[in-house]
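Thanks for coming. Please have the sequence and the 3D view open while I talk.

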Amino acid sequence: MTATGPRLAGVMGWPIAHSRSPRLHGHWLKRYGVDGFYVPLGTRPQDFERAFQTLPKLGFQGVNVTLPFKETVLEYATSISDRAALIGAANTLTFRPDGVVAADNTDGYGFIENLRQQVPGWKATRGPALVIGAGGAARSVLSALLSDGAPEIRLVNRSRIRADILRDHFGKRIVPQDWNWKSDLVRDVALIVNATSLGMTGQPELSLNLSAAGPETLVTDIVYQPLETDLLRQARALGLRAVDGLGMLLHQAAPGFEQWFGVRPEVDADLRAAVLGE
Ligand code: NDP
């Protein structure tokens, strides 16, 4: 179906009230004067299939999907990008005029773009990385770091078996290590990433001691609630560069916006302020 009126997109998830995506895309729609709407689509799991299949018929250009649909949505896609296939999950779906439902995963792209924007010229080739966490978000981070040329990724997770599974999946550049050694592993790495939910509001702290990290180490947290986690505060206190996780959320949204609304949007301070409700 070709859109003749306003262009439509949205975000499917359950629950959905907490999602910042409507505010994010709403800011861009206004800023670029696009005739379109981006709406929250709270969808119960048992209703997902029917709702998803109805959206193109209602004129939607595409949707973001969030928890708990990121993996299952691949069953309904007719074209899956290499990175979404490798990660095993998608967050950006486009309904093409020829009926193709294209699935992509832009979380890893958002992760890398955020680092590049904050530290111009940054590349994963700079040295080994330490990644903490082996859940869904960690898979996107690992995939993006590997495709950006990371020579080695030391992977630490509370449940060691999940780190071992990711080594088997992503290959030998992933080196699983013991959870209890994580503070020793900050030595000699170019990048440290918290990809767990630790440090998030209502969760325990990560408890990673950064004092052995070298002065050039870049520290980033994908948690963005709070924006300044204990990990980032500790990094700044030690004089290390620290990048918060909000930029990852902002950058991952850009490819979808471009596909659905036809404008490549910018991630800037105004967008950050709008999403934070400032
Ligand atoms: P998952 O549930 O898939 O994974 C959670 C991870 O956190 C696992 O590695 C888990 O370890 C670890 N973890 C949880 N609780 C503990 C604990 N008490 N002690 C030690 N480890 C723990 O979640 P996601 O990967 O989807 O999300 C992780 C975080 O990333 C969330 O805070 C989410 O908001 C954020 N995120 C941010 C994005 C952004 O754009 N900035 C994008 C996506 C996610 P174990 O395997 O042992 O259970």
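First, the ground rules. This is a predicted model, so local features need pLDDT of at least 70 and side-chain atom pairs count only at pLDDT 80 or more, while totals for chains, interfaces and linings use all residues. Residues are numbered from 1 along each chain as its sequence is written, and side-chain values use heavy atoms, with hydrogens and water left out.

Salt bridges, then. Side chains of opposite charge can pair when their charged atoms come close. Here the term means a side-chain nitrogen of Lys or Arg within 4 Å of a carboxyl oxygen of Asp or Glu. How many salt bridges does a search of the whole structure find? It finds 14.

Take R272 and D244, whose closest N and O atoms are 2.7 Å apart. Helices (H or I, at least four residues) and strands (E, at least two) are DSSP runs, numbered from the N terminus. As for accessibility, buried means under 20% relative accessible area, exposed over 50%, and partly exposed in between, with a 1.4 Å probe and protein chains only. D244 is buried, at 12%, and R272 is partly exposed, at 22%.

Some salt bridges share partners, and these join E113, R116, K123 and D148 into one network. Within it, R116 and E113 meet at 3.8 Å, N to O. The two are three residues apart in helix α4 (residues 107–118), which separates them by about one helical turn. An α-helix has 3.6 residues a turn, so residues three or four places apart point the same way. R116 is partly exposed at 24% relative accessibility, and E113 is partly exposed with a relative accessible area of 24%.

Another salt bridge links E228 and R236, at 2.8 Å, N to O. E228 is partly exposed at 27%, and R236 is partly exposed at 39%.

Now helix α7, residues 230–237. Which residues of α7 are buried? They are L231, L232 and A235. They cover an arc of only 95° around the axis, so they are on the same side of α7; the arc is that of the directions from the helix axis to the C-beta atoms. The buried residues of α7 pack against β10 (191–194), β11 (218–221) and β12, where contact means heavy atoms within 4.5 Å. After α7 comes G239, with a positive phi near 85°.

On a 1 Å grid over the protein atoms alone, a cavity is a set of points where a 1.4 Å probe fits but cannot get out, and a pocket is an open set with protein on both sides within 12 Å along at least five of seven lines; lining residues have an atom within 4 Å of a point. Grid points are joined across faces, edges and corners, and a volume is the space filled by probe spheres set on the points.

The largest pocket has a volume of about 1,400 Å³. It is lined by 44 residues, and the closest to its centre are L67, K70, A137, M200 and I222. α5 gives the most to this lining, with four residues.

The search also finds one cavity of 30 Å³ or more. Its lining includes W122, K123 and L145.
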